[in-house]
Amino acid sequence: MLFRSVSWLSETLEDRAFHVYMRAADAIIDAAYGVYTLAERRYAAAEAAATRHGDPATNMPSYYLRLLALRDALELTPGDAITDLGCGCGRVLATFARRPLRYCRGVEFDAGAAGIARTNASRLRGRRAAIDVVTADAADYPFDDETLVYLFNPFGPQTLRAVLVNLRLSLELKPRRLRLCYYNPKHRDVIDATGWLRRTATLRGFKTHIEIYTSTVQ
């Protein structure tokens with residue numbers, strides 16, 4: 001019993017130390033980029049109900065250090081373009097727009113967060129790609145010609161299914177290579193069930209991973 005208690009305490013302290021370190025890095029990188037993306041909040045029931053499936057839960061940014069690792073692992077080219085579903089205040093956009101991409105787009109149903117993301121886009125230091133932010137429910141977003149889609153578990157399985165239907169239609173209309181990057185993939189089974197998205201890589205983290213899928217519709 002004592003061993004289990006000590007083990008639990010050690011794990012708890014390690015977990016807290018990790019998050020303190022990562023959040024400190026977030027604040028430093030925000031300052032270096034000239035943006036503010038630190039806001040986190042849980043949506044009220046009425047806010048969530050405003051979406052088609054009512055399943056967004058929180059507006060929580062991805063850790064910068066995880067995003068930087070992902071950006072490097074993807075081996076981006078100037079022909080790539082990224083759409084972040086549930087972009088919040090635009091941290092993913094700020095990270096990827098410092099590379100010469102065709103564009104970086106955020107989709108966010110919360111108008112307040114979307115407005116902050118636009119302000120951050122205008123202030124971002126070292127920007128090398130166009131940024132635009134769409135205020136919309138991800139379930140209704142009509143994908144265009146992006147080659148990368150990112151999500152940090154921003155909604156539940158029903159919205160995710162709707163997203164994948166729209167994404168498949170986009171690929172049929174505009175065949176292209178596409179990769180989907182899913183951080184903290186709680187609803188990975190929904191993606192695995194598609195049959196046309198194949199998991200090709202895993203970027204491992206402390207407790208949560210980023211799964212990278214490649215479309216077979218080209």
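Predicted model: local features only at pLDDT ≥ 70, side-chain atom pairs only at ≥ 80, totals over all residues.
Buried means under 20% relative accessible area, exposed means over 50%, and partly exposed is in between, using a 1.4 Å probe and protein chains only. Residues are numbered from 1 along each chain as its sequence is written, and side-chain values use heavy atoms, with hydrogens and water left out. Helices (H or I, at least four residues) and strands (E, at least two) are DSSP runs numbered from the N terminus. Contact means heavy atoms within 4.5 Å.

**Leu 178 and helix α6**

- Leu 178 sits in the loop between α6 and β7.
- Setting aside neighbours within four places in sequence, Leu 178 is in contact with Glu 146, Thr 147, Val 149, Leu 167, Leu 171, Tyr 213, Thr 214 and Ser 215.
- Helix α6 (residues 157-173) has 17 residues and reaches 24 Å from its first C-alpha to its last, close to the 24 Å expected at 1.5 Å a residue; the expected span is 1.5 Å times one less than the number of residues.
- The buried residues of α6 are Thr 159, Leu 160, Ala 162, Val 163, Leu 164, Leu 167, Ser 170 and Leu 171.
- Those buried α6 residues are covered by elements including β3, β6 (148-151), β7, α7, β8 and β9.

**Helix α5**

- α5 has 13 residues and reaches 19 Å from first to last C-alpha, close to the 18 Å expected at 1.5 Å a residue.
- In α5, the buried residues are Ala 113, Ala 114, Ala 117, Asn 120 and Ala 121.
- They cover an arc of only 115° around the axis, so they end up on the same side of α5; the arc is that of the directions from the helix axis to the C-beta atoms.
- As background, an α-helix has 3.6 residues a turn, so residues three or four places apart point the same way.
- Turned away from that buried side, the other face of α5 carries the exposed residues Ala 111, Ser 122 and Arg 123.
- The buried residues of α5 pack against β2 (58-59), β4 (103-108) and β5 (131-135).

**The cavity**

- There is 1 cavity of 30 Å³ or more in the structure, and the largest cavity has a volume of about 30 Å³.
- Here a cavity is a set of points, on a 1 Å grid over the protein atoms alone, where a 1.4 Å probe fits but cannot get out, and lining residues have an atom within 4 Å of a point.
- Grid points are joined across faces, edges and corners, and a volume is the space filled by probe spheres set on the points.
- Gly 90, Leu 93, Ala 94, Ala 117, Asn 120, Ala 121, Leu 124 and Ile 131 line the largest cavity.
- α4 (91-96) and α5 (111-123) each supply at least two residues of that lining, and α5 gives the most, with 3 residues.
- The lining divides into 6 nonpolar, 2 polar and no charged residues, where Ala, Val, Leu, Ile, Met, Phe, Trp, Tyr, Cys and Pro count as nonpolar, Asp, Glu, Lys and Arg as charged, and the others, Gly among them, as polar.

- Glu 211, in strand β9 (residues 210-215), is buried, with a relative accessible area of 4%.
- Beyond its neighbours within four places in sequence, Glu 211 has contacts that include Leu 180, Cys 181, Arg 188 and Arg 199.
- The C-alpha atoms of Glu 211 and Tyr 183, 28 residues apart along the chain, are separated by 6.4 Å.
- Thr 200, in strand β8 (residues 197-203), is partly exposed at 39% relative accessible area.
- With neighbours within four places in sequence left aside, Thr 200 is in contact with Ile 212, Tyr 213 and Thr 214.

**Positive phi in loops**

- Most residues other than glycine have a negative phi.
- Glu 75 has a phi near 50°; Glu 75 lies in the loop between α3 (64-73) and β3 (81-85) and is exposed, with a relative accessible area of 66%.
- Asn 184 also has a positive phi, about 55°, and lies in the loop between β7 (179-183) and α7 (188-192).

Note on methods. 1 Å grid on protein atoms, 1.4 Å probe; cavity = no way out; pocket = protein on both sides within 12 Å on 5 of 7 lines; lining within 4 Å.
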